[in-house]
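Hello,

Here is the structure I promised to pass on to you. Please open it beside this message, and I will walk you through what turned up.

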Amino acid sequence: MTVLKTSMRNFFAHKGRMALSAVAVLLSVAFVCGTLVFTDTMNTTFDKLFAVTSSDVTVMPKDAESEETAQNGVPESLPASVLERIRSADGVRAAEGAVAVMNVTVVDGDDDNVGATSGAPTLAGNWTENDLRSMEITSGHAPRGPTEVMVDADTADKHGLNLGDELRTIAQTGDFTARIVGIAGWKVTNPGAAVVYFDTATAQRQLLGATGRFTQFNVTAEDGVSDARLKRNVSAALGGGSFKIQTEKENADENRAGIDEFMGVIKYAMLGFAGIAFLVGIFLIINTFSMLVAQRTREIGLLRAIGSSRRQVNRSVLIEALFLGVVGSVLGVAAGVGIAVGLMKLMSAAGMSLSTEDLTVKAATPVVGLVLGVVVTVLAAYLPARRAGKVSPMAALRDAGTPADGRAGRVRGVIGLVLTGAGAFALFTAAAADKASEGSLFLGAGVVLSLIGFVVIGPLLAGGVVRVISAVLLRVFGPVGRMAERNALRNPRRTGATGAALMIGLALVACLSVVGSSMVASATGELDKSVGADFIVQGNQRIVPQAQKAMEQTPGLAHVTHYKVLDATLTSPDGRTDDDGVTAADPTYAEDLRRPTTEGTLADAYGTDAMSVGSDYAEKHGVRVGDILTVAFKGGETAKLKVAAITDDDTAIDQGARYLSIDTMRKYLPAGQIPPDMIMFAKAEDGREKQAYAALKKALHPYPQYQVRDQTDYKQELKDQVGQLLNMVYGLLALAIVVAVLGVVNTLALSVVERTREIGLLRAIGLSRRQLRRMIRLESVVIALFGALLGLGLGMGWGATAQKLLALEGLNVLDIPWPTIIGVFIGSAFVGLFAALIPAFRAGRMNVLNAIATE
Amino acid sequence: MTSAVTIPRHGGTGGRTAVAARARQVVKAYGSGETRVVALDHVDVDIERGRFTAIMGPSGSGKSTLMHCLAGLDTVTSGQIFLDETEITGLKDKKLTQLRRDRIGFIFQAFNLLPTLNAIENITLPMDIAGRKPDRDWLGRVVDTVGLAGRLRHRPTQLSGGQQQRVAVARALAARPEIIFGDEPTGNLDSRAGAEVLGFLRRSVDELGQTIVMVTHDPVAASYADRVLYLADGRIVDEMHQPTADQVLDRMKDFDARGRTS
């Protein structure tokens, strides 16, 4: 009981010193809980959505896939006659045919895409009874003729659409324009899909290119008939055949599956970053408790002298940690909900609407947050607690000023060196690996080992590195600089741990910036080397025939290349098969993408009944030019094609692609099965590049879902995309860096308290406030730069290794983004200045007399 | 009550007055109303230049407060304090800091040295802070006087308590301040080490012409001074010139007895 009381009193006596540690715990826990609440809320939103969009039983064509359409770009469908057979089944109260497709783009009168920018799909279909479960018409009426369309209210709001406006729908089967006659509002939260409705005949004709066909049938059960029973009945009535029949739950689950995968990636990525923040927080907590224990050495010695056992002392520190963990975690859980709401707002800004009504805090979330926060805090405090237990009763009698903890052990040095050495070895092995899978294992091991090694060895490196930094930077500050240097050096373990916390975040920043920049440099290099096409056209919808035509008719183009990806099963002469498909393109593609060959000439691969394979495939299956491969086209015939070229797979673009000409494809694939183009390329007539680019842009303006880019824009786009991705990751890493900065603040603040008398002495003998503040700021800068130097060095090492490894995947160029690296280094100095603001201010305010008064 | 004020007279050294520091009607009070505690009660005192003054008194007599006020470490409630001809009461922190740095030396009871700096760095610290170059000859003389020549590169932790205090004395002397204030400079030392340090202080007065003010409760320490001021309840109650340890002790006993009977 006394132990508990002492711990509590200590905790509250030092609540100021505990505050920053509590904030670190709070931030990490909040991030974890925020992630959980956010993903749970998204799940709830989708659950609610799918619950109302799925009917009791849904009947679809057997091959219907939830996301992609059939190979030829037109969705699979069933004849209306099926409806009669479904209606004849027992227990069916109602059944209706529905048309619902996702492979369309809808544009307004200005040719602007009204679809979501968040990646959510545009859905087009007929207005059915089932839709009434999720939506209600808020103005106008349901579409009734070939020129009428209804749009969902969210989309109408976002794009300022009103009744009477015209919408053009771009489908695989052609464009058509309709006037908005109705707007339907959602009864549940719609995360972002844009939805347009037509009457049934229009939907069938325009979206499926056929009359009397449906993509699915929605079946409603009579009262008392379960979904499973209805499914059996419907299945019996249809007499087997090629149908996919799902209950409401099965359908919702299938819809969920795709989203779950995406959500899983988000969730675990964010939890990963939360984990990094936790890791950094551990350093902060260790430092706090180490310093508190050191400052309390005499007090602890007294406790020991009057009879406290080691365990009691040890436990009293751990109980303090427990309080810290509980306080930080409880606040963290609350803050987590706030973060989740913030993320939802952020998503809204990005075009994805989520409602706080759906905010889901599962019971597990606070439990996970609390357990994680408390366990991590107590574990982190364990080492300092043990050290507290080791304080001898004699410490109470000694007149210990500042306990000197200067000697970093030799054991530490050896362990650190061994770990760092092992890490370096693993990294070298990874860099030299032949196989990516093997290498990535070594890369992972190398990263972890070298990180731990650096953390362990940090206090030893602190001596040398701080001296070097000081020699360069602090000399100009004279005696104040010298004192700052000595202060940073006086407790290498503390400086090491504080710097290491910053090191972790910055190492990841450096590593990712190196990889990202190498990615851009490699891709740019590859583009320069191998891409001969002037213009590249692609988008998130396969290129519809009308857009292809618009492109073909553009003046000033020397040629236009179609590029299609086909499903096919390949059988090599050694009898082995794979389903990796083939690429069909015009022969001009050989000019558009210059691929070196290891055997044969690429142009020959575009001859009749010829093809090419990649060098990896050729090697694996012993295929040579002249060999015959069996290609079974999906939805077409099986062909025997002669290998005319083997392309070198040492490339980043189209690695492993197997080319054949579109003419060859046409021989074996019926017209109705030919897929739309995935990408198109074009080359301008000599000297007319500029005009051709403008003309092409103009020609494709009515099709905003496709981006037209010349090589310069393409490279810029690539750079922007990588840049965006990096910024997002940096944003997430910022949390870890914030925690590390808190660590620097914490170390300085506690140091200032610890050095009260020293500061008093300095002030007494004439150090001005300004000099004092500068001294503390410089110490902070040195610690921050120490962390930055280690982190950036380590990170660049990791990045370079990753690049060497990814060279196997075509990441050939190592590009170190010096501006970023130097920027981060200089930024760290400012971070140091910033971290010292409050500690320096407080030191300056310290009363000289109190500081020097003898106890 | 004996007044400790002497008639200001001009001494022979460089046209300066013979009084290094003066306090006039200095009051220092803490708190207000019923909890008001008066630490210094209208104190008048002159510190003579080139002399060694000891301030004595029982605990709570205000002797440390007087020294802190004279040294510009603490502010006064009312009254004036002059260092030479400069009035330091009312100076802003910046000026006070400069004044302490350039014109005053300190020796505290404990924690006189920065643990991160070695002996010579500690000695030259006030000048370093001020950005002044130490006078090499003078520094050598000071170092010789305190007998630290062989230990200048040692860190404080590598020095004994007596050696540490000698470094502190050297630091106080090195910048040639107008006054050195000592707050129980030998309080933490055994008698031998204490005698050593006091010997240096005495010699620095005799040989280097230094002015020293020292707070102490040790009659032996006080016997090294030229003049002893006695404080009780915030007032100067007596003074003694050229004291011996026994005389000081007797006087103390006398005060104690009076304190008990009053």
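A:Gly281 sits in helix 7 (residues 248-295) of chain A; helices here are DSSP runs of H or I with at least four residues, strands are E runs of at least two, and both are numbered from the N terminus. This is a predicted model, in which local features need pLDDT of at least 70 and side-chain atom pairs count only at pLDDT 80 or more, while totals for chains, interfaces and linings use all residues. Residues are numbered from 1 along each chain as its sequence is written, and chains are lettered from A and ligands numbered from 1 in the order in which they are written.

Is A:Gly281 buried or exposed? A:Gly281 is buried, because 29 other C-beta atoms lie within 10 Å. (A residue is buried with 20 or more other C-beta atoms within 10 Å of its own, exposed with 12 or fewer, and partly exposed in between; the C-beta atoms are placed from the backbone.) Not counting residues up to four places away in sequence, A:Gly281 touches A:Ala24, A:Val25, A:Ser28 and A:Val739, where contact means C-beta atoms, placed from the backbone, within 7 Å. A:Val376 is 95 residues from A:Gly281 in sequence, yet their C-alpha atoms are 9.0 Å apart.

For a contrast, look at A:Ala734 in helix 20 (residues 711-754) of chain A. A:Ala734 is partly exposed, because 15 other C-beta atoms lie within 10 Å. From A:Ala734 to A:Leu303 there are 431 residues in sequence and 42 Å in space, C-alpha to C-alpha.

A:Leu303 brings us to helix 8 (residues 297-305) of chain A, where A:Ile300, A:Gly301, A:Leu303 and A:Arg304 are buried. These four lie on the same side of helix 8 of chain A, because they cover an arc of only 160 degrees around the axis; the arc is that of the directions from the helix axis to the C-beta atoms. An α-helix has 3.6 residues a turn, so residues three or four places apart point the same way. The buried residues of helix 8 of chain A pack against helix 9 (310-349) and helix 10 (364-389) of chain A. After helix 8 of chain A comes A:Gly307, with a positive phi near 115 degrees.

Now for chain A as a whole. It has 25 helices and 26 strands, and its C-alpha atoms fill a box of roughly 100 × 70 × 50 Å along the principal axes. Of the 855 residues in chain A, 51% are buried. Among contacts in chain A with a separation of 6 or more, 85% join residues 24 or more positions apart.

The largest nonpolar core has 234 residues, and those with the most contacts inside it are A:Ala277, A:Ala736 and A:Val782. (Such a core is a set of buried Ala, Val, Leu, Ile, Met, Phe, Trp, Tyr and Cys residues joined through C-beta atoms within 7 Å.) Helix 2 (residues 15-53) of chain A gives the most to this core, 20 residues. Apart from this core lies another of 108 residues, including A:Val560 and A:Ala692. Leaving aside neighbours within four places in sequence, A:Ala736 is in contact with A:Phe273, A:Ile276, A:Ala277, A:Val280, A:Ile504 and A:Gly505.

On to chain B. B:Ile180 lies in strand 7 (residues 179-183) of chain B and counts as buried, because it has 25 C-beta neighbours inside 10 Å. Beyond four places in sequence, B:Ile180 is in contact with B:Gly105, B:Ile107, B:Ala172, B:Gln210 and B:Ile212.

How do the chains meet? The contact takes 25 residues from chain B and 23 residues from chain A. On the chain B side, helix 2 (93-103) and helix 3 (119-130) of chain B are the elements that give two or more residues.

Finally, confidence. The predictor gives the complex an ipTM of 0.81 and a pTM of 0.82. The mean pLDDT of chain B (pLDDT is the predictor's confidence in each residue, from 0 to 100) is 84, and 91% of its residues reach 70 or more. Over residues 6-15 of chain B, pLDDT stays under 50. Where pLDDT is low, the predicted coordinates should not be read in detail.

Best wishes

Methods
Two residues are in contact if their C-beta atoms, placed from the backbone, lie within 7 Å.
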